[in-house]
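These are my notebook entries on one structure. I looked up helix packing, the nonpolar cores and a few loop residues.

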Amino acid sequence: MSGGAERTRELTDNLAAVRGRIESAVTASGRAETPRLIVVTKFFPLQDVQILASQGVRDVGENRDQEAAPKAEQAAALDLRWHFVGQLQSNKARSVVRYAHAVHSVDRPSLVAALEKAMAAEAQDRASRGMPLRAELECFIQVDLADGDTDRGRGGAKPEETAGLAARIEAAAGLRPAGVMAVAPLGADPAHAFSELARISADLVHQFPEATGISAGMSADLEAAVAAGATHLRIGSDVLGARPPLR
Ligand SMILES: *Cc1c(COP(=O)(O)O)cnc(C)c1O
């Protein structure tokens, strides 16, 4: 088999296994809807994105703009939804809104302001080139479930900051509050962490009925996330394999 055919088979098998795990978890939890699978393609080449698209993947995730921007541009014809899932510096907002359908890591008011400004610039740029407006940017508020314990925390706003950030997002032109996102704290029981996230989500939806998204669950803890009501799963290594060492 050629390298391409071999890789296609590997990704197809991995994807089937992950989809099977998701379906089993949905059945076990008695949920009616299957969460959306976002395949996190960071560190893997465009060819893998193309293979995934041919296997029915519609949503892909990336965590660094330097890598995501050229990949998204080269894959434009595939019409995928790109999800930005990594820590985002404000000075990258302008680039990210060119390709991202959603940002899962909105964690501070200054980033909301930068994204609003970037969406306005994008709208102007598209208008000047006779292109249609893009859709509103879906903003997930990343919540730190380690409660300020920086050794275990994986980034995000404090739980009590969630509603204030959602209000800022709702008031910003071009942005839409989509829900909450979290990464289970290091060493924590993911079931406990994700049930905390579900509680934060329920409070948020009370005030912002549209913000129903719960972005939770990675390769190691997707079952716990599905059980807790995740609507978006962010799966990398169990589809693509171990990530190459950091360059
Ligand atoms: C890399 C990454 C993922 C995917 O993690 P895996 O353990 O490889 O499935 C999910 N979410 C975020 C924020 C990531 O950076």
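I looked up what covers the buried residues of α2, and the cover includes α1, β1, α3 (65-74), β3 (81-84) and α9 (237-240). Helices (H or I, at least four residues) and strands (E, at least two) are DSSP runs, numbered from the N terminus. Contact means heavy atoms within 4.5 Å. The buried residues of α2 are L46, D48, V49, I51, L52 and A53; buried means under 20% relative accessible area, exposed over 50%, and partly exposed in between (1.4 Å probe, protein chains only).

I noted the provenance: this is a predicted model, in which local features need pLDDT of at least 70 and side-chain atom pairs count only at pLDDT 80 or more, whereas totals for chains, interfaces and linings use all residues. Residues are numbered from 1 along each chain as its sequence is written, and side-chain values use heavy atoms, with hydrogens and water left out.

**α1 and α2.** I looked up how these helices pack. The axes of α1 and helix α2 (residues 46-54) come within 10 Å and cross at roughly 55 degrees. α1 is therefore oblique to α2. Axes here are lines fitted to C-alpha atoms, for helices over the stretch in contact, with angles from 0 to 180 degrees between N-to-C directions. Angles under 35 degrees count as roughly parallel, over 145 as roughly antiparallel, 65 to 115 as roughly perpendicular and the rest as oblique. α1 passes α2 in a right-handed crossing, that is, the near helix is turned clockwise from the far one by less than a right angle. G4, R7, T8, L11 and L15 of α1 make the contact with D48, I51 and L52 of α2. I sorted these contact residues into four nonpolar, two polar and two charged. In that sorting, Ala, Val, Leu, Ile, Met, Phe, Trp, Tyr, Cys and Pro count as nonpolar, Asp, Glu, Lys and Arg as charged, and the others, Gly among them, as polar. After α2 comes G56, with a positive phi near 90 degrees.

**α6 and α7.** The axes of helix α6 (residues 162-171) and helix α7 (residues 190-207) come within 10 Å and cross at roughly 40 degrees, so α6 and α7 are oblique to each other. The crossing of α6 past α7 is right-handed. I found T162, A163 and A166 of α6 meeting I200, L204 and Q207 of α7. The residues of this contact comprise four nonpolar, two polar and no charged.

**Nonpolar cores.** A nonpolar core is a set of buried Ala, Val, Leu, Ile, Met, Phe, Trp, Tyr and Cys residues joined through side-chain atoms within 4.5 Å. Which members of the largest core touch the most other members? I found L115, L137 and L175, out of 69 residues. Another core, of five residues, lies apart from it and includes F140, A178, M181 and V183.

**Loop residues.** R31 sits in the loop between α1 (3-29) and β1 (36-40) and is partly exposed, at 23% relative accessible area. R31 touches V26, V226, G229 and A230, not counting residues up to four places away in sequence. R31 and A227 are 196 residues apart in sequence, yet their C-alpha atoms are 8.3 Å apart in space.

I then looked up positive phi values in residues other than glycine. F43, in the loop between β1 and α2, has phi near 75 degrees. D79, in the loop between α3 and β3, has phi near 55 degrees. Is each buried or exposed? F43 is buried at 17% relative accessibility, whereas D79 is exposed at 62%.
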